[in-house]
Amino acid sequence: MSEPRVEIHADTETLVTAAAARFIETVTAAQRERGSASVVLTGGGTGIATLEQIRKVPNDIDWSRVEVFWGDERFVPSGDPERNELQAREALLDHVPVDPARVHPVAASDGEYPDPVEAAAEYSAAVHAHLTEHGAFDLHLLGMGGEGHVNSLFPHTDAVREEHELVVAVTDSPKPPPVRVTLTLPAVHRARHVVLIVAGESKAAAVTAALSGASPLDVPSAGAKGSESTTWLLDQGAAADLQR
């Protein structure tokens, strides 16, 4: 796994601009090298703001050759505004010519797989199929919570302890809603490039812990690493403890 690199930006606006630029750079490079690109999206304020920024910036992405996955999903009905899929579509995907067959959302609770364990198994099959054909995801975007969670991998939970499965159901998330489907750290490790986008002083302690060698069981973001690169994009607040 790659060693983390840190970039500190003046504020959340410049952070989001940098994250969008990194997305565009990584996707276009992958398309030049391999013909297509695969991305794993994240939700949250900075994650969705990044997607909104991507659509505003002129770029050379061939959207018809982008495979889209999600790092986690709240297991709620399909029209629920809390779904990361819905937020991502409104922010970006509905505004670019993606191939619907290449967009892979997690099943909703009112869909074909109303049991979250079955929904996780179905998503795992899609992830395995992609990785079997392509070897890796090109880019996995991650936000981070104040206690260091990434995707729906919270400290000291079965999901963050998972060492083999790529996708699991979470039925007791400490952050509502309690039921979710999430990619695991082994799935994060199957990305060539991992980018964490973190804003706010309330997350500074977790940033410092993750970058100082904390156990992923205590601070899950410490275990989020790509095979070729791992980049932490921080605003001044999130980097506050690193600069003291």
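Ala 107 is buried, with a relative accessible area of 15%, where buried denotes under 20% relative accessible area, exposed over 50% and partly exposed the range in between (1.4 Å probe, protein chains only). The residue is found in the loop between α3 (84-91) and α4; helices (H or I, at least four residues) and strands (E, at least two) are DSSP runs, numbered from the N terminus. With neighbours within four places in sequence left aside, Ala 107 is in contact (heavy atoms within 4.5 Å) with Phe 75, Arg 83, Tyr 113 and Ala 119. The C-alpha atoms of Ala 107 and Ala 125 are 12 Å apart in space, at a sequence distance of 18 residues.

The model is predicted: local features need pLDDT of at least 70, side-chain atom pairs count only at pLDDT 80 or more, and totals for chains, interfaces and linings use all residues. Residues are numbered from 1 along each chain as its sequence is written, and side-chain values use heavy atoms, with hydrogens and water left out.

The protein chain contains 7 helices and 9 strands. Its radius of gyration is 17 Å, close to the 18 Å that the globule rule gives for 244 residues, so the chain is as compact as a globular protein of that length. This radius is taken over C-alpha atoms, and the globule rule is 2.2 Å times the number of residues to the power 0.38. The C-alpha trace spans about 50 × 40 × 30 Å along its principal axes. Of the 244 residues, 54% count as buried. Among contacts with a separation of 6 or more, 76% are accounted for by residues 24 or more positions apart.

The protein chain exposes about 10,200 Å², of which carbon and sulfur atoms supply 49%. Accessible areas come from the Shrake-Rupley method with a 1.4 Å probe; for residues, only the protein chains shown count as cover.

Rings of Phe, Tyr and Trp (its six-membered ring) pair if their centres lie within 6.5 Å; planes under 30 degrees apart count as stacked, over 60 as edge-to-face and the rest as tilted. Phe 23 and Trp 63 form a stacked pair, at 6.2 Å centre to centre and with 25° between the planes. This pair links distant parts of the chain, 40 residues apart: Phe 23 belongs to helix α1 (residues 12-34), and Trp 63 to the loop between α2 (44-56) and β3 (66-70). Phe 23 is buried at a relative accessible area of 1%, and Trp 63 also counts as buried, at 7%.

The rings of Phe 69 and Tyr 123 have centres 6.3 Å apart and planes at 65°, so this pair is edge-to-face. Distant parts of the chain are again linked, with Phe 69 in strand β3 and Tyr 123 in helix α4 (residues 116-134), 54 residues apart. Phe 69 is buried at 1% relative accessibility, and Tyr 123 is buried with a relative accessible area of 1%. Ring pairs join Phe 69, Tyr 123 and Phe 137 into a cluster.

Ser 221 lies in the loop between α7 (204-211) and β9 (229-235) and counts as buried, at 1% relative accessibility. Not counting residues up to four places away in sequence, Ser 221 touches Met 144, Gly 148, Val 150, Leu 196, Ala 210 and Trp 232.

Backbone geometry was also examined. Most residues other than glycine have a negative phi, and most peptide bonds are trans. Pro 176 and Pro 177 are joined by a cis peptide bond, with omega about -5°; Pro 177 is placed in the loop between β6 (167-170) and β7 (180-183). Asn 151, although not a glycine, has a positive phi of about 45°. This residue is in the loop between β5 (137-142) and α5 (158-161) and is buried, with a relative accessible area of 7%. His 156 is found in the loop between β5 and α5 and has a positive phi, near 60°. At 47% relative accessibility, His 156 counts as partly exposed.
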